[in-house]
Amino acid sequence: MNRIHFIRACWSDIILLESQGKYALIDTGFSDAFSSRIDPYLKQLGVEKLEFILITHFHRDHYGSLPALLDHYPVGKVYMKKFSGLNISTSSGREASDEYNRTEEALCEAMCEQARRLSELVVIDGSFDRVCLGDFDFRVFGGSDAIREMYEAPDSPYYQQIRFGENTNSVALFADVKGTTVYLGGDAQNEALDYPRYSNQNDAYARAVGRPVDLMKVPHHGCGNLFSLEALSILRPRYGVVTNWTASLYSQFLKNVRLFKEASPDITLLVTDRCGYRFTLGENGQLSCEEINRIAPISVEEVSPDEDSLEEFWKQHIIYLTEDGIISGQEDIDYFSGEEYRGVIRSHMLREKDRHHLVYFVREGLRIGAASYCIYQSEDGKCFILDYWVFPPFRGEGAGHHCFTALKEYTKAQGAAYYELNSEGKDAVRFWRAHGFLENGQDEWGMPLWILRPLAD
Ligand SMILES: [Fe+2]
């Protein structure tokens with residue numbers, strides 16, 4: 001049996017290959033994925049050994065669980081695309097500081113050392129062009145260290161310039177498995193460069209493949225510049241697996257959704273945020289898909305305006321405001337703990353129109369987060385979100401995104417037509433942008449306002 005399992009992941013890749021009872025991994029997700037998803041899933045399948053683990057490029061959302069996997073499973077080989085050392089951005093797209101680069105370099109060395117000790121390390125370089133597992137015989141694109149080459153080549157327009165992130169060094173893989181074709185795009189890019197050898201890499205790989213693919217792991221989480229329409233029309237994927245959040249896909253990455261649908265009108269695009277997908281590969285393009293490890297749904301619990309319930313909510317709220325750095329100083333603490341603020345909210349919870357809501361997010365019977373919002377039904381249905389947070393033990397693995405999706409569904413039923421909030425923290429802004437919020441002026445205290453309008457389609 002030949003199967004490819006895309007284990008549930010938000011903005012990270014964990015791809016388990018299975019052929020004739022043998023298993024291997026392409027990328028390992030973030031470090032928290034091992035205990036929460038990879039290990040339970042491998043145990044469920046009865047996997048005792050991995051033939052290899054291949055790391056497509058040295059970003060945390062791809063190498064994160066490698067150390068834990070090596071510690072817990074026998075691994076035949078580790079194929080490692082090493083850190084270039086000349087990286088301009090972090091795995092989440094932020095500017096990479098010298099310290100970040102030094103840490104990555106040290107981490108890479110430590111992982112290579114661990115792989116040498118516990119497995120067999122094979123460093124991916126320009127000569128690396130194939131990797132096999134049972135019936136899978138993958139052609140590997142992008143083995144060379146493009147970043148270093150463009151930095152060191154005297155004829156390179158990027159000579160001695162730190163210009164690229166590790167995604168530019170990501171490998172991509174293609175296999176024809178008895179007539180069923182698979183393309184795993186890593187985080188490989190399609191940037192137009194003045195160095196022809198690495199310009200529009202994804203287009204070059206598509207042309208090298210030269211035929212339609214049945215199953216594609218869409219490069220780089222569906223985000224950024226992925227393919228030209230002409231090159232993607234060669235691949236015309238039937239299934240596209242996007243390792244991202246659904247919300248992002250349908251807001252800021254809509255451009256790529258359109259591109260994929262234009263190149264391949266019948267494409268099924270699957271997003272791995274709420275569940276993983278397992279594909280069974282038959283011969284000559286036969287492919288069946290089933291869901292795996294679906295995340296428990298999140299429900300919304302309304303806080304009632306009685307004294308005990310409110311007191312419990314406000315206790316969590318003040319912890320959030322102070323520990324997450326939303327407020328600082330005794331004056332702020334006094335204000336948000338005081339009757340003036342809390343009394344207004346309570347009176348707005350009790351009024352008939354434009355009611356205020358305090359809610360918890362609940363998953364598997366546990367409260368994992370909370371929000372405070374008001375819907376102005378008497379106006380145009382604006383839902384203003386005052387506070388929104390996931391309790392610290394439940395952060396990660398896309399919990400914040402899933403809670404917001406649940407909140408949208410819940411508030412829509414209460415008459416919310418669009419959303420507004422104020423936010424200025426870097427991480428918070430990234431979060432809201434990922435959900436499609438756009439900047440919309442400032443509030444009366446000079447704080448940036450963000451707005452999410454419903455999508456036209
Ligand atoms: Fe990535």
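Good morning. I begin with a pair of helices: α10, residues 307–323, and α11, residues 330–337, pack at an angle of about 155 degrees, and their axes lie 11 Å apart. That angle makes α10 roughly antiparallel to α11, since values over 145 degrees fall in that class. The crossing in which α10 passes α11 is right-handed. Please bear in mind throughout that this is a predicted model.

Which residues form the contact between these two helices? On the α10 side they are Ile 318, Leu 321 and Thr 322, and on the α11 side they are Ile 333, Phe 336 and Ser 337. Sorted by class, this contact contains four nonpolar residues, two polar ones and no charged residues.

Let me now turn to the chain as a whole. The protein chain has 14 helices and 22 strands. Along its principal axes, the C-alpha trace spans about 70 × 50 × 45 Å. How does the radius of gyration compare with that of a compact globule? For 457 residues, a compact globule would have a radius near 23 Å, and the protein chain has 24 Å, so the two agree.

Two further figures describe the packing of the chain. Of the 457 residues, 41% count as buried. As for contacts between residues at least 6 apart in sequence, 65% of them join residues at least 24 apart.

Gln 160 sits in the loop between α5, residues 146–152, and β9, residues 172–177. Is Gln 160 buried or exposed? Gln 160 has 10 other C-beta atoms within 10 Å, and the limit for an exposed residue is 12 or fewer; Gln 160 is therefore exposed.

The other topic is His 221. Although His 221 is not a glycine, its phi is positive, at about 55 degrees. His 221 also belongs to a loop, namely the one between β11, residues 215–217, and α7, residues 229–235.

Thank you for your attention.

Methods:
Residues are numbered from 1 along each chain as its sequence is written. This is a predicted model: local features need pLDDT of at least 70, side-chain atom pairs count only at pLDDT 80 or more; totals for chains, interfaces and linings use all residues. Axes are lines fitted to C-alpha atoms, for helices over the stretch in contact, and angles run from 0 to 180 degrees between N-to-C directions. Helices (H or I, at least four residues) and strands (E, at least two) are DSSP runs, numbered from the N terminus. Angles under 35 degrees count as roughly parallel, over 145 as roughly antiparallel, 65 to 115 as roughly perpendicular and the rest as oblique. A crossing is left-handed if the near helix is turned anticlockwise from the far one by less than a right angle, and right-handed if clockwise. Two residues are in contact if their C-beta atoms, placed from the backbone, lie within 7 Å. Ala, Val, Leu, Ile, Met, Phe, Trp, Tyr, Cys and Pro count as nonpolar, Asp, Glu, Lys and Arg as charged, and the others, Gly among them, as polar. The radius of gyration is taken over C-alpha atoms; the globule rule is 2.2 Å times the number of residues to the power 0.38. A residue is buried if 20 or more other C-beta atoms lie within 10 Å of its own, exposed if 12 or fewer, and partly exposed in between; C-beta atoms are placed from the backbone.
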